Amino acid sequence: MKRMKIQPRENWQTKVEASGLLYHHNPDGVYWNESAYYLFNSQQIDVLYDAANDLHQLAVKAVQHVIDNNLFTQLGVPEEAIPIIRKSWTKKDPTLYGRFDFAYDGVNPPRMLEYNADTPTALLEASVIQWFWLQEVFGAGSDQFNSIHEKLLESWPKIFRRWEEGSKLYLTCVADSMEDLVTTTYLMDTAIEAGIKAELIFIGDIGLGIEPFTRFTTLDDITIENLFKLYPWEWLLADKYGQYLIQTFDKMNWIEPIWKLILSSKGILPVLWELNPGHPNLLEAYFDGPRGMKEFVRKPLLSREGSNVTVYHEGKEGFHTSGTYGEEGYIYQALAPIPCFDGNYPIAGCWVIGGASAGMGIRESQTIVTNNLSQFVPHRFE
Amino acid sequence: MTRKRRRKIRKSHEIVLGVALLSLVATMTGCDDSAHRRRCVDKTGKVVTEEKCVEDEARRHYGGVGPGIFFWYYGGGGYGPGSVVSGGSYTAPRGYGSSGGGRFSTSPGAGASGGSGSSVGGSVSRGGFGGSSGAHGGGGIGG
């Protein structure tokens, strides 16, 4: 694994925009960074591929463990969600996607930092943008750990065949995030290409009808039966309409399913460690404290974008990130050995689509905590 | 644990970008994101919380009397709470949200393209999802 410097393409901004990456810059500067790329060998890609597959299987077993042992409160899962999580799990509600974030140096086993199982983003850049970059810069014979697009196309019909024939898929996100709008629109296109009728509705536009029966509706007051949401379950539950999720649950299909709330909680990390102590792809993690670890991080149970993370060195607080999370409690995880390349700390985001390992996107930061401003850097392998 | 096979990960066919994404690109390219970002303002043009517009829409929708007192404003300058907007419009730019479907509407049936079902009637309220995003600083979910 190497970080290679390379000349960005002429007019790269125009090129990535034309493929949908309208957020190639963020308030900190460049987000899509093609002045470098990461080079892997195929054995390293195999290691990452296997780690994502293996950990997804372990994660699914961990969900069963949480449900069997009623560990919801420990994971910060809202009480009102528990009955519908149980239902969703019993029904085997299908999943579309998720993304493991790994610390990986190319030598030692990848270590799972977390599983973005409910609302992963950085999807279009991993699936499409870096592939187009690879083709243009390195030609048709080059390779990349990336079958994300194809696996999305394969997965939608498998999901949809469980739903009512001819019904429509709605996809929703907030209206004021270009990244979320692009991600949701891209996913809608993959659903349409897979033969599914689909339409996007902003989350604030979803209506609630009470009579003659409780339902969520489109702007045309069409009852929504199938909904993909790029919006966290814990937020849905906390919103004003959250109380109606239970009443409508039996009449709706959700992507991601609500059982994914268990996996998107950082509480799954100590559960995984308890069930698989010493697993080479896991980091030591606990609910009740660092238990003697000197180098560790404290993470909120429910959080995003690297917010409210505190890093401890020698048992003392090093630095922390700001944010609005932490109300539900924290977990303590061993500090991952994130490699440093020219002052950059890369995280390998390995995608799981339809339950199978599908590809990778790398984001790098100038600190060991990846956040929503971290740069996306393409990769290839040979 | 033996690991055998190679993962040739790519690629049986070309990626063909979908119409919706290309439409979104066409709408947005050449325009600053902020040119399309809306915010809620009062009658003096002062930026207030989005909730006020949502509540005002709901009030009018359910037969509340009198004109609206809060309005959506698009483009131009002035985004922070309390600032005064200028240079933009009270009308959504063409394509605002439409490549991706929804937009706020005060009347059921306005706007969105037809679904596969039919309306079941009865009153419908809106704006009850999305509030937690604001509670966490607004914007998207990142991650």
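Which strands, and in what order, make up the open sheet of three strands with antiparallel pairing? The order is 10(A)-9(A)-4(B), so this sheet draws on chain A and chain B. Keep in mind that you are looking at a predicted model.

- Going from one strand to the next, the twist averages 35 degrees.
- Strand 9 (residues 207-209) of chain A runs antiparallel to strand 10 of chain A, and three bridges join them.
- Within that pairing, Leu208(A) faces Phe216(A) across in strand 10 of chain A.

- In general, nonpolar side chains of soluble globular proteins tend to be buried together.
- The largest nonpolar core here holds 90 residues, and the ones touching the most other members are Phe40(A), Ile85(A), Phe102(A), Phe216(A) and Ile268(A).
- Another core, of 54 residues, lies apart from it, and its members include Trp12(A), Trp32(A), Ile159(A) and Leu200(A).
- If you skip its neighbours within four places in sequence, Ile85(A) is in contact with Ile67(A), Phe72(A), Val77(A), Ile258(A), Trp259(A), Leu261(A) and Ile262(A).

- Look for Asp118(A) in the loop that links strand 6 (111-116) and helix 4 (123-138) of chain A.
- Asp118(A) has a relative accessible area of 1%, which means it counts as buried, the cut-off being under 20%.
- Its side chain makes a polar contact of 2.5 Å with the side chain of Lys229(A).
- A polar atom of the Asp118(A) side chain also lies 2.9 Å from the backbone nitrogen of Trp233(A).

**Strand 11 of chain A**
- Lys229(A) turns up again in strand 11 (residues 226-229) of chain A, where it is buried on one side with Leu227(A), while Asn226(A) and Phe228(A) are buried on the other.
- In a regular strand, side chains alternate between the two faces of the sheet.
- Strand 7 (residues 169-173) of chain A pairs with strand 11 of chain A in the parallel sense, over four bridges.

Conventions
Residues numbered from 1 in each chain as written. Chains lettered and ligands numbered in written order. Predicted model: local features only at pLDDT ≥ 70, side-chain atom pairs only at ≥ 80, totals over all residues. Heavy atoms only, no water. Core = buried A, V, L, I, M, F, W, Y, C linked by side-chain atoms within 4.5 Å. Buried < 20%, exposed > 50% of the residue type's maximum accessible area, 1.4 Å probe, protein only. Contact = heavy atoms within 4.5 Å. Helix = DSSP H or I, 4+ residues; strand = E, 2+ residues; numbered from the N terminus. Polar contact = N/O pair within 3.5 Å; in protein donor to acceptor, adjacent residues only side chain to side chain. Pairing = 2+ DSSP bridges. Axes fitted to C-alpha atoms, helices over the stretch in contact; angles between N-to-C directions.
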